[in-house]
Amino acid sequence: MGLFNIFKRSKFALESRDIHSHILPGVDDGFSDINDSIEAIKRLSDKGVRELVLTPHINPEIFHKNSESFLREQYEQFISHIPSEIEMSISLAAEYMIVPGFEKRSSDPSLLLYEDNESILVEMSYLYRSPNLEDAIFNLLMDGKKPILAHPERYTYMADCLEDFDKLAESGCRFQMNYLSLTGGYGPQSMKILSYLKKQNLYSFSATDLHSLKQLDLISKKIR
Ligand SMILES: [Fe+2]
């Protein structure tokens, strides 16, 4: 049985820390209803998640309102509505699209980083490679940040240059896998990347990248 089928059939446990989610309601293409967000948090808690990081998209080309200060305000409002009986530590970071010019923001003090104050989640389009990917990663590293590239297995245009992932990893970039990618739903090119990164042991994190309760249903089917 090839790696492809092994992954498709295998069940997994959620990591106790989910570093990538779009549960902060009403700010991007993720959750829109606060009640659904709270439901998702309850269900993740039941599945053993103890630490959740909300990572709304920051992409000035698409989500025009999502400045760091706006997202901080939305976050403060949201967490005031979370029932106190839910035992989960929740924090705010962001998922930065590597848009043209993003490489110039590496030392910007307003960047939404993880609680270690160093790690930052970045992504690229599913359609094309950011021409400034390497510059963005390099500049972040030079400025003392620890970049995490979200769901590399979804950048199917990189399936024929897998060695580029090794180069990124050697430079200090870390990778985060989406649980849903394990279902094979993103196609054979995605599975090729995923299998390679698994084999090379290059994934530092797995995360839900949760956008909806429907996605949580799909993920739940795969959990042991
Ligand atoms: Fe995401």
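Modeller: We shall discuss the strands of this predicted model and their pairing.

Colleague: What is the general idea behind pairing in a sheet?

Modeller: Strands of a sheet pair through backbone hydrogen bonds, in either a parallel or an antiparallel sense. Here, an open sheet of three strands shows parallel pairing.

Colleague: What is the order of the strands in that open sheet, and which of them are the edge strands?

Modeller: The order is β1-β2-β4. At the edges lie β1 (17-18) and β4 (89-92), each of which pairs on one side only.

Colleague: How many bridges link β1 and β2, and in what sense do they pair?

Modeller: Two bridges link β1 to β2 (residues 51-54), and the sense is parallel. As a point of reference, Asp 18 is placed opposite Leu 52 of β2.

Colleague: Let us turn to β6. Which strands does β6 pair with?

Modeller: One partner is β5 (residues 95-97), which runs parallel to β6 and is joined to it by three bridges. Within this pairing, Met 97 has Glu 123 of β6 as its bridge partner. Another partner is β7 (residues 146-150), paired with β6 in the parallel sense over four bridges.

Colleague: Is strand β6 mostly covered or mostly exposed?

Modeller: Strand β6, spanning residues 119-123, is mostly covered, with four of its five residues buried.

Terms used. Residues numbered from 1 in each chain as written. Predicted model: local features only at pLDDT ≥ 70, side-chain atom pairs only at ≥ 80, totals over all residues. Pairing = 2+ DSSP bridges. Buried ≥ 20, exposed ≤ 12 C-beta atoms within 10 Å, placed from the backbone.
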